[in-house]
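Subject: Structure handover

Hi,

Here is the structure I promised to pass on. Please open it alongside this note, which goes through the findings by topic.

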Amino acid sequence: MSGRFEHQVHIDRVVKDNLKDFPPILNEYYKRSSGMQSSSRHVVMNNVKRFFLYNEEKGTDIFNNDWLKKVTADDIVEYFFDIKVRTLKNGKQKVLSDSTIATMLHHLDNFFTFRVKQKYIDDNPITEAMEYFPKYKVKKRVVYMTPEEVNHVKETIASESPYPCRDLCIFMLGCRTGLRQSAITEIDISDIDFENMSIQVVEKGNVYKDVLIDPDTLRLIRECINERGNIPGEDALFIRFSNGKRITAWDMRVLLDTYAIDLNKRITPHKMRSTCGTNLYEKTGDIFLVADRLGHTNIQNTKRYVDTLKK
């Protein structure tokens with residue numbers, strides 16, 4: 001699983017470089033949050049850093065840890081009031097959504113909870129501040145591709161992509177297995193069991209699992225490997241042909257922006273996962289099969305695909 005390790009090392013390096021100009025307490029918090037996925041830890045740290053920068057701009061000495069003991073619920077409410085509207089580079093203003101604020105609150109809550117557990121502070125100011133914010137429950141509409149739309153994208157990739165084997169393999173892996181984009185980019189050739197027709201991946205929550213693949217997907221993988229060729233020292237299944245290095249989540253986004261542009265909906269890498277779940281349920285009507293395929297431990301998450309089809 002060197003792909004997984006390589007991805008984690010890259011994110012850790014980026015985060016540590018970004019923490020050089022911040023108090024050591026943030027580096028300590030980052031190390032203690034190793035139970036999260038690297039990408040999730042990155043997002044959490046960005047939101048905590050934003051709170052530190054906000055207070056530094058107000059004249060607070062953020063390197064003196066005592067200032068955190070003085071943060072109150074009112075300070076938290078004022079912080080979110082001040083950052084609710086932000087000005088973009090093009091001069092336009094954007095208002096933070098309720099879901100974004102809920103996420104940022106959750107991340108700050110994690111940080112202050114850590115401070116309480118380490119006995120640096122007595123109380124978590126986020127706990128009291130929560131009552132001033134509306135209770136927000138994420139209810140995002142599930143966007144997916146119908147089988148006809150999947151076939152359209154396949155045909156577009158086959159006819160227009162300079163690397164059709166790689167791009168078609170990425171697309172069909174997402175639509176047929178429901179793997180998250182991080183798991184797809186991290187696949188190494190050594191992770192593939194051709195005899196038993198499976199791929200070992202690490203999913204959300206550092207869960208190792210063997211994902212079964214169908215014969216057609218296995219054929220696409222073989223063609224992708226042939227197109228890729230032998231690259232000494234590089235085991236990644238999916239590479240950038242410009243430099244021979246592993247593709248990134250950004251490469252997958254560009255791929256879909258390019259070849260799914262004709263569809264009357266925005267298709268991101270995660271939409272391949274929702275395509276797998278929704279179409280699998282439509283074919284089988286078995287919600288537990290879908291939950292198992294997508295790795296859902298809570299069946300409520302899977303019900304979103306059922307509700308989408310009913311609507």
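A search of the whole structure finds 12 aromatic pairs. The rule: rings of Phe, Tyr and Trp (its six-membered ring) pair if their centres lie within 6.5 Å, with planes under 30 degrees apart called stacked, over 60 edge-to-face and the rest tilted. Buried means under 20% relative accessible area, exposed means over 50%, and partly exposed is in between (1.4 Å probe, protein chains only).

Phe80 and Phe133 also pair edge-to-face, at 5.4 Å centre to centre and 80° between the planes. Phe80 belongs to helix H4 (residues 73-83), and Phe133 to the loop between helix H6 (125-129) and helix H7 (147-160), so the pair ties together parts that are 53 residues apart in sequence. Phe80 is buried, with a relative accessible area of 3%. Phe133 is buried too, at 14%. One aromatic cluster includes Phe52, Phe80, Phe111 and Phe133, and also Tyr29 and Trp67.

A word on the ground rules. This is a predicted model: local features need pLDDT of at least 70, side-chain atom pairs count only at pLDDT 80 or more, and totals for chains, interfaces and linings use all residues. Residues are numbered from 1 along each chain as its sequence is written, and side-chain values use heavy atoms, with hydrogens and water left out. Helices (H or I, at least four residues) and strands (E, at least two) are DSSP runs, numbered from the N terminus.

Next, the nonpolar cores. A core is a set of buried Ala, Val, Leu, Ile, Met, Phe, Trp, Tyr and Cys residues joined through side-chain atoms within 4.5 Å. The largest has 35 residues, of which Met145, Val153, Phe171, Ile187, Ile199, Phe238 and Met272 touch the most other members. Elements that each supply at least two residues of this core include H7, helix H8 (164-177) and strand E4 (198-203). H8 gives the largest share, seven residues. Apart from this core lies another, of 34 residues, among them Val44, Phe51, Tyr54 and Ile76.

Now the charged groups. Side chains of opposite charge can pair when their charged atoms come close. A salt bridge here is a side-chain nitrogen of Lys or Arg within 4 Å of a carboxyl oxygen of Asp or Glu. The count comes to 12 salt bridges.

- Arg219 bridges to Glu223, with the closest N and O atoms 2.8 Å apart. Being four residues apart in helix H10, the two are separated by about one helical turn. Arg219 is partly exposed at 39%, and Glu223 is partly exposed at 30%.
- Arg240 bridges to Asp251, with the closest N and O atoms 2.8 Å apart. Arg240 lies in the loop between H10 and H11 and Asp251 in helix H11, so the pair ties together parts that are 11 residues apart in sequence.
- Asp257 bridges to Arg266, with the closest N and O atoms 3.1 Å apart. Asp257 is partly exposed at 33%, and Arg266 is partly exposed at 47%.

Salt bridges that share partners join Arg176, Asp214, Asp216, Arg219 and Glu223 into one network.

Best wishes
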